[in-house]
Structure formats: C-alpha cells, structure tokens
Amino acid sequence: ETPAKVDRERVVLITLDTLRYDSFWGDEGTGRDMPITFEFASQGVRFTSFYSATSSTQPTHASLFTGLHPWEHGVSRNGVVLGDRYTTLPEQLHSHGFTTSAIVASFPLHSRFGFSQGIDDYDDKFHLSARGDKWEGVDLSGEPFRSRAESVTDRALESLERANGARQFFWFHYFDPHSPYGEVTGAPLRGGDLVQLSKNRDPKLADSIKEARRLYDADVSYLDRQLGRLFLYLEKEKSWKTHVVLLSDHGESFGEDGSLGHGKRLSPQQIHVPFFIVSPAVEASVRTDIAGTVDVSPTILALLGLPSEPSSGRDLTRSRSSNQGKAMGMRRSFATPFQEWRTDGEAVTLRAPRFYLIENDNHYTGDGRAAFRQDNPRLGVEGEESKRLRDLFRNWAEGLANLQAQELMDPETQKALERLGYLRGGEEKP
C-alpha cells in the first residue's frame, strides 16, 4: 500500500531586538529603512497597531511563547526564569509532531532563562563580546555575549538545510539594532554615552542623539540585508508550506519622549512595534486593529490548524474591524528603585510597576493610584474612566505580586548580565 502523501509544513518565527515601528514602516509607510523586509512583508498581512508586552527583552519573549501577560507568567524583568510550569509554543508544537530549532543572538535569551523549553536544537552560542572594552562603565573580559546578523543568518540557513521531519518550527532572533548604535560603521556610539551627556546637561546631547539615530539606522539597514538572505532562501523553497511571522520585542527612544534607550517607559517609541505574517493562510493586506505580543502564539497555532492552550491572546487570523482589539502590558519591573536620566538632565526614580492598556485609539498608562495618556503624567485621566483604569492596573499589580518568580542571581549570571548592561551594582538596568 502506498503511504499517503505528507505535506511539508514549517513555521519560521523571527524576533528582532530593539526594532522601532518607524524603522520598518519608514516615512508614510514606504519601508525606507528596511526595503527588503518591507517588500517581503507586503506578500502577507502587516499590522499597523501592534504593541509589545513590555519594553524589555525577556518579559516580552516570555509573553510571546506563553500567550500570557507578565503578571500571569511572572517574568517581569531581565534575569527572571520562565518557569517550566508554563507550556510554551514550541512545547505545544512538539506535541503535534514538529521538530523545533532556535538560534538566539544575545545572552538575555540564553537557555538558562527557560526559553529553550520544547526546543530540540537550541543554539545560544555567541561569538562576540559585549561591544567594546566597557559596557556602560562596566569592565569586560571579552567573553562572548552576542552574535551579529550575518552569523545568525548563516546558522539559520544551515539549520533549515539540516532539519528533518515533515513539520518544522524555527525561531531566529537578531540583536543588531540594540545599543551601541552604528557598529556596522566601525565607530559605534553607546547608549550610556547619551545618558552621561544627559546627566551633565551637555549642550552636545541633541546633536549626539541625532547621530545615534543615524547610526542606529545604519545597523537596521545591515540587518535588513541579512534578513534578505533568509527571505530569499525561504521564497525559493517551493516544496514547503511556510509560515513566516516577524515581530520586534520592543522599540527604542531617541529623546522623543524625554527618554533614551528602552525599558523605562511605555511610550509609543518603546512599545509600538512592527509585526507581520507571510503565509498561504493569509491574504496580502494591512490590518489596523489593535494586537499585541500575547496574540502571537495562538495565531501561529491557528495558521497550522492546531488547538491552542488557554491563553490571554487571540487568533489574529480572524479578521477584525479597525476599532476592535486591545493590547496590554507593563513596564519591566526593577529589583531596587532605579534612576532614569531624562534628556532635560532630570532624574526620575522608577519604583512601582506601571501598566498600559490600548483600546479604541486610546493609549492609557498608570497604576492603582493614577492613570494618564501616552505615558505622560501631565495628561491625567479623570472621573469614572480613571477609576476603571486604576482598578484594572491594581488587579494586574496584585497578580504579579502573588507570583513567585525564579531569578538567576548566581555570580556567573549576574556578571554576564552586568556585561550586557542589564545589572549594575546589584541594581537591574533596563
């Protein structure tokens, strides 16, 4: 008896660290900064109102793989382990016969933080140090903590070639837009340098921010070219039914909101990010309904016609009108109070969790004490609407407080996080 033909199907999930919304869309949706990626994305569905779960790497990826909010999975800051009691997307796919592979480009996604759950081949071997002899003033020893896009794409192509099985899942993570900016030019500018200029109220700050954005754009262009190599391979492989899902874990501020970098704010520059799907299961279109990180896992399972574990996300393969959908999340938490230096030279102490809700074209942020718009305390929300939001944010804070997160604070891990700029002197950095 002749065996039934088995369709070959694969998912390629791509996460881009620190990629801003406007870096993908460009001026008026032209895709200027990422023309190769933009052209590839035009074959599928592109979302104009997609928001990351947080403005930091580890919490957002935990929400991506579980379909849960940070106050539901407990990974609210870098250095916290995603517990094995949560079922991840790769684990769900594995149970349905998928082989699973991953290549990650920076230490925050090392397997020790729980992101390798359900993944057969997890490549977290990095090739470069934390960009220079110092990282925000911390002495480095040249140990590997990251990889460039060229290396990630090289290994991604090798992974695609050698993978076995008729059903395959791949996750490729790229780190290049992250500070320091302009490494591809050979003369990078570090985010910590901008913060120091801000502390000193240096008049050169404005020009340095403009230069940082120019250098950031150069790194984005380099990333675009390396992604193009991957897209070209996928487009040539006609024998596979391939679903490509791409998103950013958070954005980056270049002073627009008085902030620099990421992790400290919930402003559009830090949480409004690119997201698209290229798949035989979707038609080429632009969607304006609101969506977020927690929606990705149930959507990938829906593309494959598979059931989803209970989650807080929704299936984005189902069309929505422009005024539907919600996104919610939080600013990463801090182990101890953290001072953020703003571009006006003032320091703002960050302590309690801050949450956000985006619905009906409204961008709300706050906590149990106050609610405001656009992450701007000067734009307060009043009356019954304020009470509704404060009650909602208070419930989320209580949910987070009731979770017991596992942190990796052994000397080796703490030292590595310091070298990436995430910890310093026992105080976690965003």
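Of the contacts (heavy atoms within 4.5 Å) in the protein with a separation of 6 or more, 70% are between residues 24 or more positions apart. This is a predicted model, in which local features need pLDDT of at least 70 and side-chain atom pairs count only at pLDDT 80 or more, while totals for chains, interfaces and linings use all residues. Residues are numbered from 1 along each chain as its sequence is written, and side-chain values use heavy atoms, with hydrogens and water left out.

**Overall composition**
- The protein contains twelve helices and 25 strands (DSSP runs numbered from the N terminus: helices H or I, at least four residues; strands E, at least two).
- Of the 430 residues, 58% are buried (under 20% relative accessible area, 1.4 Å probe, protein chains only).
- The exposed surface comes to about 17100 Å², of which carbon and sulfur atoms supply 47% (Shrake-Rupley method, 1.4 Å probe).

**The five-stranded sheet**
- An open sheet has the strand order S16-S19-S20-S21-S22, with antiparallel pairing (at least two DSSP bridges between two strands).
- Its edge strands, S16 (326–330) and S22, each pair on one side only.
- From one strand to the next, the twist averages 40 degrees (axes are lines fitted to C-alpha atoms, for helices over the stretch in contact; angles run from 0 to 180 degrees between N-to-C directions).
- Helix H11 (residues 383–401) lies across S16, S19 (355–359), S20 (362–366) and S21, at about 130 degrees to S19.

- S21 (residues 371–373) and S22 (residues 376–380) pair in the antiparallel sense over two bridges.
- Phe372 stands opposite Gly380, and Arg373 stands opposite Asn376.
- Two residues separate the strands of this hairpin, and Gln374 in the turn has a positive phi of about 55 degrees.

Definitions and conventions
Buried < 20%, exposed > 50% of the residue type's maximum accessible area, 1.4 Å probe, protein only.
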